[in-house]
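I have a new structure open and a notebook beside it. These are my entries, in the order I looked things up.

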Amino acid sequence: MAILPIYICGETLLQTPTTPVGNPKSVRGLVDDLHETLASIPQGTSLTANQVGIGLSVFAYHCPDVEGPHGTRKTAEEIDIQGGPRRKGHVINPTIETSQIPETMPNEVADRETCLSMPGLVMPRGRADWARVTGIDTSGDTVIVEGYGFFARCLQHSVEHLHGRLFIDNLVGHYRRDAKREVKRRQWTIPGRTWRPD
């Protein structure tokens with residue numbers, strides 16, 4: 001297993017839909033590396049293959065499930081992503097179902113989101129409160145993962161990456177303008193830039 005460098009948002013691969021995996025056993029090493037990399041980042045909740053420079057449809061997650069199975073909504077202040085138990089796993093070739101995505105302005109506190117490919121940038125992003133992802137694991141067995149609140153956000157964020165989109169692509173209002181300004185200021189428009197968790 002290895003800790004992999006993570007590509008920053010100017011990388012073309014992050015803006016390109018990933019390719020479905022044909023043989024799930026062939027990505028066992030990649031899945032191990034995704035888990036190893038995530039384990040080295042206390043604030044990391046999920047990581048996709050294209051974030052580490054591989055254009056395949058697979059992601060791993062180490063995400064708190066603070067809302068639990070019945071979806072008791074928590075505010076951002078109540079969520080300690082660096083402490084407590086985490087749900088861990090991986091999904092290959094995921095498809096996603098969600099509850100309704102809100103069309104109103106996101107809550108500046110409760111809807112904060114960030115991304116390992118945009119380190120340090122935090123913006124409010126509206127997300128569906130429930131999500132279910134279906135795919136397969138490295139043995140080819142069916143995997144179904146679902147959750148509410150923060151975990152649902154994690155699932156949506158991951159699948160969006162695999163579709164070649166970043167979380168800032170769907171920001172609204174001044175948040176979208178602020179994010180674009182930050183991307184330019186931080187020079188995140190240059191392909192090939194990475195950072196290393198270790």
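Where is the place of Ser117? I found Ser117 in the loop between E5 and E6. Helices (H or I, at least four residues) and strands (E, at least two) are DSSP runs, numbered from the N terminus.

Before going on, I noted the ground rules. I am looking at a predicted model, where local features need pLDDT of at least 70 and side-chain atom pairs count only at pLDDT 80 or more, while totals for chains, interfaces and linings use all residues. Residues are numbered from 1 along each chain as its sequence is written, and side-chain values use heavy atoms, with hydrogens and water left out.

**Entry: Ser117**

I checked burial next. Ser117 is buried, because its relative accessible area is 0% (buried means under 20%, exposed over 50%, partly exposed in between, with a 1.4 Å probe and protein chains only). The side chain of Ser117 has a polar contact of 3.0 Å with the side chain of Gln51. For a polar contact, I need a pair of N or O atoms within 3.5 Å; within protein, one must be able to donate a hydrogen and the other to accept it, and residues adjacent in sequence count only if both atoms are side-chain atoms. Leaving out residues up to four places away in sequence, Ser117 touches Ile6, Tyr7, Ile8, Cys9, Leu14, Gln51 and His161 (contact means heavy atoms within 4.5 Å).

**Entry: Arg127**

Is Arg127 buried or exposed? Arg127 is buried, since its relative accessible area is 8%. I located Arg127 in the loop between strand E6 (118-124) and strand E7 (130-136). I then looked at the partners of its side chain. One is the side chain of Glu113, in a polar contact of 2.7 Å; another is the side chain of Glu160, at 3.2 Å. Beyond four places in sequence, the residues that Arg127 touches include Pro102, Arg153, Gln156, His157 and Phe167.

**Entry: aromatic rings**

How many aromatic pairs are there? I got two, using this rule: rings of Phe, Tyr and Trp (its six-membered ring) pair if their centres lie within 6.5 Å, and planes under 30 degrees apart count as stacked, over 60 as edge-to-face and the rest as tilted. Phe59 and Tyr61 make a tilted pair, 6.1 Å centre to centre with 45° between the planes. Tyr61 and Phe151 make an edge-to-face pair, 5.7 Å centre to centre with 75° between the planes. Tyr61 sits in strand E3 (residues 58-63) and Phe151 in helix H2 (residues 149-162), so this pair ties together parts that are 90 residues apart in sequence. Both Tyr61 and Phe151 are buried. Phe59 is buried too, with a relative accessible area of 0%. I wrote down that ring pairs link Phe59, Tyr61 and Phe151 into a cluster.

Rolling a probe the size of a water molecule over the atoms shows where empty space is left. I looked up the second largest pocket, which has a volume of about 160 Å³. On a 1 Å grid over the protein atoms alone, a pocket is an open set of points where a 1.4 Å probe fits, with protein on both sides within 12 Å along at least five of seven lines; lining residues have an atom within 4 Å of a point. Points are joined across faces, edges and corners, and the volume is the space filled by probe spheres set on them.

The lining of this pocket includes Cys9, Ile168, Val183, Trp188 and Thr189. By class, I have six nonpolar, three polar and three charged lining residues (Ala, Val, Leu, Ile, Met, Phe, Trp, Tyr, Cys and Pro count as nonpolar, Asp, Glu, Lys and Arg as charged, and the others, Gly among them, as polar).

I followed up on Val183, which is in helix H3 (residues 173-185). Val183 counts as buried, because its relative accessibility is 10%. Setting aside neighbours within four places in sequence, Val183 is in contact with Cys9, Met118, Ile168, Trp188 and Thr189. Val183 and Cys9 are 174 residues apart along the chain, yet their C-alpha atoms are separated by 8.3 Å.

**Entry: positive phi**

Most residues other than glycine have a negative phi. I noted Asn93, with a positive phi near 50°. Asn93 lies in strand E4 (residues 87-98) and is partly exposed at 23%. Gln187 also has a positive phi, of about 60°. I found Gln187 in the loop between H3 and strand E9 (194-195), and Gln187 is partly exposed at 48%.
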